[in-house]
Amino acid sequence: MADQKATRRPVRRRPSPVSVPRNEEFDDALATIMRTGISQAEAMRIAARFLAHGLQSAWESGAVPDATMPHRMLMRVERQDTPQPADQRV
């Protein structure tokens with residue numbers, strides 16, 4: 001019996017969902033992200049990763065001291081040409 005206990009894998013608990021107070025500004029921002037067709041949960045995960053990436057970059061570049069929030073951040077976007085749907089006229 002003791003051998004079985006020693007080889008049992010520990011149960012990995014997932015962190016509980018994050019709860020944030022919502023207001024009109026938050027809901028508007030979330031709705032903007034969800035216009036891409038992703039779920040609310042995925043929108044929150046992407047937003048967190050996006051901000052974390054920007055902060056890490058700012059700290060590593062020395063633009064702001066480590067562990068501080070920049071006053072402003074800039075996002076650069078490359079143009080993405082979306083193909084037009086085929087002409088369906090006969």
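Is Asp27 buried, partly exposed or exposed? Asp27 counts as partly exposed, because its relative accessibility is 30%; buried means under 20% relative accessible area, exposed over 50%, and partly exposed in between, with a 1.4 Å probe and protein chains only. The structure is a predicted model, in which local features need pLDDT of at least 70 and side-chain atom pairs count only at pLDDT 80 or more, while totals for chains, interfaces and linings use all residues. Residues are numbered from 1 along each chain as its sequence is written, and side-chain values use heavy atoms, with hydrogens and water left out.

The confidence of the prediction is expressed as pLDDT, the predictor's confidence in each residue, from 0 to 100. The chain has a mean pLDDT of 88, and 92% of its residues reach 70 or more.

The overall form may be considered next. The chain contains three helices and zero strands, where helices (H or I, at least four residues) and strands (E, at least two) are DSSP runs numbered from the N terminus. Along the sequence the pattern is therefore written α-α-α. The chain is more spread out than a compact globule, because its radius of gyration is 22 Å, well over the 12 Å that the globule rule gives for 90 residues. This radius is taken over C-alpha atoms, and the globule rule is 2.2 Å times the number of residues to the power 0.38. Along its principal axes, the C-alpha trace spans about 75 × 50 × 30 Å. Of the 90 residues, 8% are buried. The chain exposes about 9,500 Å², of which carbon and sulfur atoms supply 54%; accessible areas come from the Shrake-Rupley method with a 1.4 Å probe, and for residues only the protein chains shown count as cover.

Charged side chains form the next topic. Side chains of opposite charge can pair when their charged atoms come close. A salt bridge is a side-chain nitrogen of Lys or Arg within 4 Å of a carboxyl oxygen of Asp or Glu, and the structure holds four of them. One of these joins Asp27 to Arg22, with the closest N and O atoms 2.7 Å apart. Another joins Arg49 and Glu42, at 3.8 Å from N to O. Glu42 counts as partly exposed because its relative accessibility is 24%, and Glu42, Arg45 and Arg49 are linked in a network of salt bridges. Arg79 and Asp81 also meet in a salt bridge, at 3.1 Å from N to O. Arg79 is exposed at 76% relative accessibility, and Asp81 is exposed at 62%.

The surface also carries a nonpolar patch, formed by Ile46, Phe50, Met75 and Val77, with about 410 Å² of accessible area together. Patches are made of residues with over 30% relative accessible area and no salt bridge; like charges are joined within 9 Å, and nonpolar side chains (Val, Leu, Ile, Met, Phe, Trp, Tyr) within 5 Å. Ile46 lies in helix α3, residues 40–61, and counts as partly exposed because its relative accessibility is 32%.

Two residues outside the helices complete the account. Val18 lies in the loop between α1 (2–7) and α2 (24–34) and is exposed at 75% relative accessibility. Ala67 lies in the segment after α3, and its phi is near 65°, a positive value in a residue other than glycine. Ala67 is exposed, with a relative accessible area of 62%.
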